[in-house]
Amino acid sequence: MRAYWFDNLPGDQREPHDSGRDVDPAYLSKLGILAFNYPSVDDVNAVAQQRGYKNRDEITISPEKMGNIYEEKVKTFFHEHLHEDEEIRYIIDGGGYFDVRGKDDDWVRIKLDKNDLMIMPAGIYHRFTTDEKNYTKAMRLFKDEPKWTPINRGGDSDENTYRKEYIKLRES
Ligand code: KMT
Ligand code: NI
């Protein structure tokens with residue numbers, strides 16, 4: 001895992017967009033982001049058990065697996081949104097980028113590689129993209145039913161209860 005400020009320059013979303021400025025681990029933790037590197041799936045199982053994540057699935061995001069809907073999917077994952085639950089992702093193979101909004105609403109790019117596990121809090125605005133290798137195999141963990149309905153930013157998304165709770169927590 002490496003976190004850095006997104007450069008905001010034009011170019012394909014899958015390029016690194018690396019400003020060269022790293023983001024401090026303490027800052028990430030203020031945003032409510034947790035990240036670990038777990039070479040063994042036993043460690044993933046332990047986290048799942050502690051947090052009550054009973055269910056999981058696996059997704060492979062690649063042109064080989066998705067065929068002609070791949071490019072469309074990649075664009076969809078990149079729409080800025082929030083969820084009303086934590087988003088937990090474990091990278092089984094390949095890699096990818098999660099962008100999350102910092103306190104001043106600028107993008108922090110989080111590069112995830114194989115064996116990285118990241119937990120994003122409910123209510124944080126974020127987006128995902130594969131990198132230039134176009135290959136992400138990830139485990140998605142969830143409690144009961146998947147509550148992945150993305151709430152896209154805009155309209156009254158800032159008024160969402162989970163969003164407001166998140167802001168309170170972030171500023172505390
Ligand atoms: C998301 O919420 O955008 C995703 O779950 C992306 C696929 S998992 C790496
Ligand atoms: Ni999401």
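Analyst: A residue is called buried when its relative accessible area is under 20%, exposed when that area is over 50%, and partly exposed in between. Please keep in mind that this is a predicted model. As a case, P10 has a relative accessible area of 76% and is therefore exposed; P10 belongs to the loop between β1 (2-6) and β2 (18-22).

User: How far apart in space are P10 and L82, given that they are 72 residues apart in sequence?

Analyst: From C-alpha to C-alpha, P10 and L82 are 24 Å apart in space.

User: Is L117 buried or exposed, and where is L117 placed?

Analyst: L117 has 0% relative accessibility, so L117 counts as buried, and its place is in strand β8, which covers residues 116-120. With D156, L117 forms a pair that is 39 residues apart in sequence and 31 Å apart in space, again taken from C-alpha to C-alpha.

User: Turning to backbone angles, what is the phi of N8, and what is the phi of H17?

Analyst: N8 is not a glycine, although its phi is positive, at about 60°; H17, also not a glycine, has a positive phi of about 50°. N8 is in the loop between β1 and β2, and H17 is found in the loop between β1 and β2 as well. As for their accessibility, N8 counts as exposed because its relative accessibility is 53%, whereas H17, at 6%, counts as buried.

User: Which residues surround ligand 1, and how is the shell divided by class?

Analyst: A residue is taken to be near a molecule if one of its heavy atoms lies within 4 Å of it. Around ligand 1 we find I61, F77, H81, H83, E87, R89, F128 and A138, and by class this shell has four nonpolar, two polar and two charged residues. The protein buries 96% of the 300 Å² that ligand 1 exposes when taken alone, and the space that ligand 1 takes is the largest pocket.

User: What distances separate oxygen atoms of ligand 1 from polar side-chain atoms of E87 and from N or O atoms in the side chain of R89?

Analyst: For E87, a polar side-chain atom lies 2.7 Å from an oxygen atom of ligand 1, while for R89 an N or O atom of the side chain is 2.9 Å from an oxygen atom of the ligand. A polar contact is a pair of N or O atoms within 3.5 Å.

Definitions and conventions
Residues are numbered from 1 along each chain as its sequence is written. Chains are lettered from A and ligands numbered from 1 in the order in which they are written. This is a predicted model: local features need pLDDT of at least 70, side-chain atom pairs count only at pLDDT 80 or more; totals for chains, interfaces and linings use all residues. Side-chain values use heavy atoms; hydrogens and water are left out. A polar contact is a pair of N or O atoms within 3.5 Å; within protein, one must be able to donate a hydrogen and the other to accept it, and residues adjacent in sequence count only if both atoms are side-chain atoms. Accessible areas come from the Shrake-Rupley method with a 1.4 Å probe; for residues, only the protein chains shown count as cover. On a 1 Å grid over the protein atoms alone, a cavity is a set of points where a 1.4 Å probe fits but cannot get out, and a pocket is an open set with protein on both sides within 12 Å along at least five of seven lines; lining residues have an atom within 4 Å of a point. A molecule sits in a cavity or pocket if more than half of its atoms lie within 2 Å of its grid points. Ala, Val, Leu, Ile, Met, Phe, Trp, Tyr, Cys and Pro count as nonpolar, Asp, Glu, Lys and Arg as charged, and the others, Gly among them, as polar. Helices (H or I, at least four residues) and strands (E, at least two) are DSSP runs, numbered from the N terminus. Buried means under 20% relative accessible area, exposed over 50%, partly exposed in between (1.4 Å probe, protein chains only).
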